[in-house]
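I opened this entry to look up charge pairs first, then the overall fold and surface. My notes follow in the order I checked things.

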Amino acid sequence: MTPDHETPSDEQSEVDRLRAENALLRTEKDLLLKAAIGFATDAGAFQRRPREPETR
């Protein structure tokens, strides 16, 4: 079936499915980003720099 021949309910079902998939992918991306930050922190990739006094 081509997109031109979809009924409105078929289109809405596809939109709903894509929204659910998008939400899942965003959740997975956020989880992977947090994990990557955790691994990088544990590996010492992030080091705190001493704060320099503000100049005015």
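I looked up Asp30 and found its side chain in a salt bridge with Lys29, at 3.9 Å from N to O. I count a salt bridge when a side-chain nitrogen of Lys or Arg is within 4 Å of a carboxyl oxygen of Asp or Glu. Asp30 is partly exposed at 39% relative accessible area, and Lys29 is exposed at 53%. My cut-offs are under 20% for buried, over 50% for exposed and partly exposed in between, with a 1.4 Å probe and protein chains only.

I note that the model is predicted: local features need pLDDT of at least 70, side-chain atom pairs need 80 or more, and totals for chains, interfaces and linings use all residues. Numbering runs from 1 along each chain as its sequence is written, and side-chain values use heavy atoms, without hydrogens or water.

How many salt bridges are there by this rule? I get three. Glu14 pairs with Arg17 at 3.0 Å between the closest N and O atoms. Glu21 also forms a salt bridge with Arg17, at 3.1 Å. I therefore log Glu14, Arg17 and Glu21 as a linked network.

Next I checked spacing. Glu14 and Arg17 sit three residues apart in helix 1, about one turn. Glu21 and Arg17 are four residues apart in helix 1, again about one helical turn. Arg17 is partly exposed at 43%, Glu14 at 32% and Glu21 at 36%.

Last, I looked at the whole protein. Of the 56 residues, 0% count as buried.

Note on methods: Helix = DSSP H or I, 4+ residues; strand = E, 2+ residues; numbered from the N terminus.
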